[in-house]
Amino acid sequence: FFRFRFRLSNDVRRTTYVSHRNVARGLSLPLFSVVWARRISPRFSLLEHCSLLLRTMGSGSGFLKKVRSMDFYKKLPTDLVESSLLGGTLSIAASLFIAFLLVAEFRSYMRSDTESIMVVDRSPHGEMLRINFNISFPALSCEYATLDVSDALGSKKLNLTKTVRKAPIDAESLAKVGYGVEDFKRPEPKYDEFPDFGDVDPYGEMDFLVPLDEASWDAHMNHYDVVIVNFFAPWCHWCQQLAPTWEAVTQVVHQKYPEADGRVRMAKVDCVATPDLCQKHQITAYPSIRIFIHGTDDVVDQVGRHNHLAYYGDRTTEALTLVADQAADAHGKKPHMHGIQNANSINQKGSGCNFSGMLLVKKVPGTLHFSARAPGHTIDYLSMNMSHHVHHLYFGNKPTKKNRMLLESKFPQYFESGWLDKMAGQAFIAENPGATYEHYLQTVLTTVEPTSSPKLKAARSINVYEYTAQSHAYDAEDHASVKVTYKMSPIQVIVSEKLKPFYHFITSVCAIAGGVFTVAGLMDSVGYNTARALKKKVDLGKQG
């Protein structure tokens, strides 16, 4: 046949084309005839071939009959079908059931699935971890409260001040009674190595060397305009170093400003002998030098805040004598216009302290250390109460309201209530003074990808830090504090949103419609045939 084809000349190609068309028509393969004719007769256009195909299909050939014979949905004449009550009931029930399944399938299609994988942390090298905190200490004074941070690499930062704010609070309600301000670092005070006493014996028996107590306090304050008081403890190292200088300055000041002058006086209070008096004035560190003007150290500033007037300068004879001279000049002035150098107004009318702020730390194990400490002071840690309330403590940036709603709606199984901050709202109350609290937090980075589109994954990914917390308290032998130890997990959890393909939805719709229709048809057929058989038996019984 092929040899015959190649022997044909160009003049007979049209005849051959017509012959093949007849062959194809006889075989009822018009499409094959067009393709074959196109190959052997390239002169004819595709439009002519298609026209020929249509004429072949509609020329009364058996092609349409062949197609008609392949009908899966053969119809019965209307007069040959019969309706039944069972069939109508099943049809209504099947329609309702199909509608219910279609709605359920549509809701399932609209609801995305999630996939979680764990990989090694993919954070950029050197990325810092943000720690956000707001913690209240009802029994810790802001005057000496500090926050230190250290990590496993040996880095230590003491008394952080730039991003940390402290505010005095009421011990009962935890409400702020002063403004939060950035903490400041106090320099180490200087001491006299060899105080110059002159011809005066600093240890002689003189009335001004007798410490004040509760009985003599009011009379002393009412008699003098300005009283500079040294609150000390005999066992305190810094108090022992200050004692000779204080006695020398007291002698010099009292000689310069005699009792008849009444402008300034030096005094001291033994906090071991009179603890109630020291507690009344909220003394938590030794030595504490307070300046009382007209019987009080309460100074009201221009915005109405109540403050303690405390001295934090050098503790040399020259410096303390200068303070006494400036205090004498403050005679008759308002307390907030005292003009005394190195005398700072510390907002201390609340007995507690609130720490709030944020820190940027390296992603290595580290510790936040809340305690009381100040240069040149000794803290009585064994009598300190480190009870605290955690308002919030979380890592990283807090998700926006929109992202938070997105996470909780699309991933409810991962982000339950309180998932971001496990310690928020918890209170830790010390049963005994001197207790130390330790909180151990294990943090893991969770990256959420709300969409499965590769182009939008990077743009819409949300990084959140979850953590587990373990806490315990114990009696410290020498240092009461609160330690928050954190450790980053090397594993990163990636939660991806998986959208269902549309063809899955179409397949499910077809399966629902076809399956319910088929099952309903089988039930109708069984019910109909059973009813006919029973009816036939009943009719035969009547005839018999």
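## The nonpolar cores

In this predicted model, the largest nonpolar core contains 45 residues. Phe355, Leu368, Phe370 and Leu393 have the most contacts inside this core. Several strands each supply at least two of its residues, including S14 (352–362), S15 (366–372) and S17 (388–395). The largest share, five residues, comes from S2.

Let's zoom in on one member. Leaving aside residues up to four places away in sequence, Phe370 touches Phe133, Ile135, Phe137, Thr146, Leu147, Phe355, Met386, Ser481, Val482 and Val484. Another core, of 21 residues, lies apart from the largest one, and among its members are Leu242, Ile289, Leu309 and Ala319. As background, nonpolar side chains tend to be buried together in soluble globular proteins.

## Helix H10

Helix H10 covers residues 317–329. How far apart are its end C-alpha atoms? They are 19 Å apart, which agrees with the 18 Å that 13 residues should span at 1.5 Å a residue.

Most of H10 is covered, with 10 of its 13 residues buried. Among the buried ones are Ala319, Leu320, Val323 and Asp325.

## Salt bridges

Six salt bridges are found in the structure. Side chains of opposite charge can pair when their charged atoms come close. Lys268 sits in strand S8 and Glu247 in helix H8, 21 residues apart. Are these two residues buried or exposed? Both Lys268 and Glu247 are buried.

A second bridge joins Lys256 to Asp325, with 3.1 Å between the closest N and O atoms. Because Lys256 belongs to helix H8 and Asp325 to helix H10, this pair ties together parts that are 69 residues apart in sequence. Asp325 has 17% relative accessibility, so this residue counts as buried. Asp261 and Arg263 also form a salt bridge, at 2.8 Å from N to O. Here Asp261 counts as partly exposed at 34% relative accessibility, and Arg263 counts as partly exposed at 25%.

## The surface and the whole protein

Leu76, Leu80 and Val81 make a nonpolar surface patch of about 320 Å². Leu76 lies in the loop between helices H5 and H6. Its relative accessibility is 60%, so Leu76 counts as exposed.

Stepping back, the protein has 13 helices and 21 strands. Of its 544 residues, 40% count as buried. The protein exposes about 31,600 Å², and carbon and sulfur atoms supply 58% of that area. Among contacts with a separation of 6 or more, 79% involve residues 24 or more positions apart.

Conventions: Residues numbered from 1 in each chain as written. Predicted model: local features only at pLDDT ≥ 70, side-chain atom pairs only at ≥ 80, totals over all residues. Heavy atoms only, no water. Helix = DSSP H or I, 4+ residues; strand = E, 2+ residues; numbered from the N terminus. Expected span 1.5 Å × (residues − 1). Buried < 20%, exposed > 50% of the residue type's maximum accessible area, 1.4 Å probe, protein only. Core = buried A, V, L, I, M, F, W, Y, C linked by side-chain atoms within 4.5 Å. Contact = heavy atoms within 4.5 Å. Patch = residues over 30% accessible without salt bridge, like charges linked within 9 Å, V, L, I, M, F, W, Y side chains within 5 Å. Areas by Shrake-Rupley, 256 points an atom, 1.4 Å probe, with all protein chains shown as cover. Salt bridge = Lys/Arg side-chain N within 4 Å of Asp/Glu carboxyl O.
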